[in-house]
Amino acid sequence: MLVLIGYSALLGREAMVRLDTLSTAASDDIRWNMSQLEVELLRLQSAALKARDGGQGDIQQLRTRFDIFYSRTQIVLRGALYDQAREIPEVQERLQSLRAFLAESVPIIDAPEPILADRLPELAHLVEQASPEVRDLALTIVNTSARAADTQRLKVSETLRRLALSVLGLLVALTIVALLLLRLYRSSQVVSAEKEAVKSRFEAAVKSALDAVLVVDTEGHIIEFNGGAEAMFGYSRSEALGQPMSDLIIPPHYRARHEEGMRRFREHGTSRVVGRGHLRLEGMRKSGEVFPIELSISLAETSDQLVFISFLRDITNRLKTEDDLREARDTAQAGAQAKAQLLTVMSHEMRTPLNGILGSLDLMERDELSPKQVRLVRAIRVSGELLLTQVNRVLDLSRLESGMIEFPKEPFALLPMVRRLTESLTAAAEERGNRLQTTLVGDDPGVVLGNRIALQQALVNLLGNAIKFTRNGEISLEVERLNDDRMIEFRISDTGLGIPAKDIERIFDEFVTIDTAYARENPGTGLGLSITRRLVWAMGGEIEVESIEHEGSLFLIRLPLEPGEAVELASEKERGQPEPGPLKGKRVLVIEDNDINRMLLLDMLEEFGCQVVLARDGFEGVAAAKSARYDLLLVDISMPGKDGLETLREIRAQEGPNGPVRAIAITANVRDEDKERFAAAGFDGFLAKPISMLQLQEMLSGLLLRPEAEAERSTAREFIRRFGMAEYQRHLLGMVDALHAVCDDLANTELSETLKARVHEQAGSAAILGRADLHSLLQEIEATDAADWPARRGGMLDRLKTELARTRAVSLGG
Amino acid sequence: MRAIGRVPILVAGLLLASVGQVAKAGEEVLAVTGSDGSAISFDLDALRALPVSEIRTSTIWTDGIQVFQGVSLRDLLDHVDAVEGTITAVALNDYLIDIPTSDATRPGPVVAYLRNGEQMSVRDKGPLWIIYPYDDNPDYNTEEYYARSIWQLIRLEVPK
């Protein structure tokens, strides 16, 4: 468009110039003058002729006419009008002849009258000659001027045309620009309206914000102060506007830092506070009260200035709440810890005497007892084991709660484990007239990956409950793999007392027992279901219950048990027979503060044939270890004064004979951290109380006798290696059950050949399964004469039963 | 024309041309007649007695800038008590042109009797020539005004 404007201007000027030229170009005058020249020449010619024939007056006329003609010639010869014409060669030529005529005629005209009169014919002749030349001149000039005029006119019209076009173009451009401007204007209106809307929305937001919103300029003066700020700080808006912020709302001890920060920002444009998210600082109210605030500041740029916008929140309440919560949490944690500690200590305290009781029973059972004594011992054992179970349960619960128990996954054969379980409980079930059966629904899950011990515990709990609460009824355990190939469902149903609807919610809670006729007779701690549920949850499963009072109950466990691969189980420890022989003569130092436990250990070790030296505490132990060399140290961990760890460390540190000796820790608690501590102190192994002779023997053999014990255990191990632990245990169980039947028969009848055959059969099993003692006992029975039998029956059967009990223990595994 | 000797003749002619005949003293140079029938006669001195005006300009009929002196048309009209209307100007060769009295402005056209300080002979388009100030006013450079620039003026018919 600028180009067009420029071009138009240029053309306009050109047009003006040309028009000007047109107006001043006196082209008509050029022609008029030429024609007048001709006219005057003709008049001159006519005057000359008249004068020739006439009188004096005519001479004067002639002179005048010549002057007039002459004056016209000066115009074409000299006038500015003919400047251009005189350039043209043709014109120059004719002008020459005109000049020549004048030169010749002037002297004649100017001569005195008589001479002039004489020369009149000459003059007439000159004039006559000049006439066509002048005509010629006139025509030439007229033609050239006409051409020039036309050219001029064309140029002008061309210029005007171009001017018109360019003006048109300019108009179009202007129109477009106008339209654009209109559009710009409209859109700017829209933008402006939007900005207005945003602005008013923002203002409304700030005004109604609950938090305090402050806008401050770079000098620190308050520009905006919303309602929230008024409420928080106590200043009214009018009071606050224009004031320096630091004086009003920053506590004195922060002011210096604030000013520093503002100065730094003004100079360098950096800030530790602006745009750094939420900060906790302190603010000051009008009253002077200093309170904690949370704030966030950002920088905004308006059209002409930088401002700081900050949002502040009074967090006095929040901080207080946080503190309260922290306190409550700490209290709760302390309480939980205290509880855990209490349980641990208590269980230790309870287990130690139990250890004593059960251990003594172990020893008693080894001797020949009268039937009455046997019954009494059994009663004591039952009570003792029950008590131990309860104590263990409490301990388990506290451990489960604090997440201390690990649940490693191992592969095991599910159905054999279940069957073994139910078989072990069959006797108890039948005692109450119940029928217990196990059913598999769908495909055999085979070997699964899961925690065998936890699952066993849960199932035993539930089945035990079912048996407990049912009399002369049906108890059934169904095992089914669900569709997704991951979960397995165990359904334990009974036709027993059932659970009242109002109590169903509570039964899994701790220490909850239902007040039924049965429960009143058989009080329990109410921990069983609670432990069961925690076990199920720990395995990643679910447990549900349905029950109708007086009709029965259904407990349902769903666990993820993915298919696993059977693995060689040769590494599993099996419980072999206590073998006294190989440990004979080993020197053992026992350091134990508890009298009963000390006595027990002494007895057990002397049974093995060891030579035992006792120490009553850590000091005696260290002293004893200094003087003589031993094969093994048995050290109780929890002794007053110097505990077991300290004692062993000292012994190891001594430059005495017992530095490298093997040591076993005796303890009530075995957690992972404990195991680490024992190992760190220098122990080679540990035994958990209550200690059985079997465990003791195994540990001793393991540490002292490796090569010899191998032989005996290898038979059992061989079997296990070939067929798996589950099979081994199943066979053991089978054998034990068969022998129980034999026992009953042996008790009541003669030692017939048939019976001997049965005994013989089981003796074979015993041998293969590595139960050497049982095997030799059975052989003994087999070898006994039928005549001798009645006399020896009592003792042998007792021994047999003891043996069977031990074997059963092994067959039930963990 | 004779070819030989043309140049010297030309030179001589040019020189002689500049002589010409000027108006003699007392000789009437301008007759001013009124529409009321009055008539005033002016000789050169009578005109020179009136206020003198000067125009310095170039013209299409001359070469270069000329200085014309004479009485301005306005002064002349006022002197003869002419009223508003149209003047008729007549020249020696019976050329005739109308000039409106509105043309007589100050500055404006002048009835010139001196060109470059010299009286004008008939050959010089004298003794009287109505000159407009062409260079000062582009409006005067039109054919209308060229036509009004009458030379060899002998008579003015003025409205009264």
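Mentor: Start with pairing: two strands pair if DSSP finds at least two bridges between them. Keep in mind that this is a predicted model.

Trainee: Which strands make up the open sheet of 3 strands, and in what order?

Mentor: The order is β6-β8-β13 of chain A, with antiparallel pairing.

Trainee: How do you know that β6(A) and β8(A) pair?

Mentor: Count the bridges. There are 4 between β6(A) and β8(A), residues 447-450, and the two run antiparallel. Pairing needs at least two bridges, so β6(A) and β8(A) count as paired. In this pair, A:A413 stands opposite A:V447.

Trainee: What makes β6 and β13 of chain A edge strands?

Mentor: β6 (410-413) and β13 (562-563) each have a single partner strand, so one side of each has no neighbour in the sheet.

Trainee: What is the strand order in the open sheet of 5 strands?

Mentor: The order is β7-β9-β10-β12-β11 in chain A, and the pairing is mixed. The edges are β7 (435-441) and β11 (542-548), each pairing on one side only. On average, neighbouring strands of this sheet are turned by 15° against each other, direction ignored.

Trainee: How do you know that β10(A) and β12(A) pair?

Mentor: Residues 487-494 form β10(A) and residues 552-560 form β12(A); 8 bridges join them in the antiparallel sense. The cut-off is at least two, so they pair. One facing couple is A:I488 and A:L559.

Trainee: Which helix packs on this sheet and touches β9, β10 and β12 of chain A?

Mentor: That is α13(A), residues 452-468. Its direction makes about 20° with that of β10(A). Helix α12(A), residues 414-431, lies across β7 and β9 (474-481) of chain A, running at about 165° to β7(A).

Trainee: What joins β4(A) to β3(A), and what joins β4(A) to β5(A)?

Mentor: Bridges, in both cases. β3(A), residues 279-284, has 6 with β4(A), residues 290-301, and they run antiparallel. Here A:G283 stands opposite A:F291. β4(A) has 9 with β5(A), residues 306-314, again antiparallel. There A:S298 has A:I309 as its bridge partner.

Trainee: How many residues lie between the strands of each hairpin?

Mentor: The hairpin of β3(A) and β4(A) has 5, and in it A:G288 takes a positive phi near 100°. The hairpin of β4(A) and β5(A) has 4.

Trainee: How do you know that the span of α23(A) is close to the expected one?

Mentor: Set the two values side by side. α23(A), residues 753-768, has 16 residues and reaches 23 Å from first C-alpha to last, against the 22 Å expected at 1.5 Å a residue.

Trainee: Why say that its buried residues line one face of α23(A)?

Mentor: They are A:V759, A:Q762, A:A763 and A:A766. Seen down the axis of α23(A), the buried residues fall within an arc of 115°, so they line one face. They pack against α22 (725-748) and α24 (772-783) of chain A.

Trainee: What does the secondary structure of chain B come to?

Mentor: Chain B has 4 helices and 10 strands. Of its 160 residues, 32% count as buried.

Technical notes
Residues numbered from 1 in each chain as written. Chains lettered and ligands numbered in written order. Predicted model: local features only at pLDDT ≥ 70, side-chain atom pairs only at ≥ 80, totals over all residues. Axes fitted to C-alpha atoms, helices over the stretch in contact; angles between N-to-C directions. Contact = placed C-beta atoms within 7 Å. Buried ≥ 20, exposed ≤ 12 C-beta atoms within 10 Å, placed from the backbone. Expected span 1.5 Å × (residues − 1). Arc of directions from axis to C-beta.
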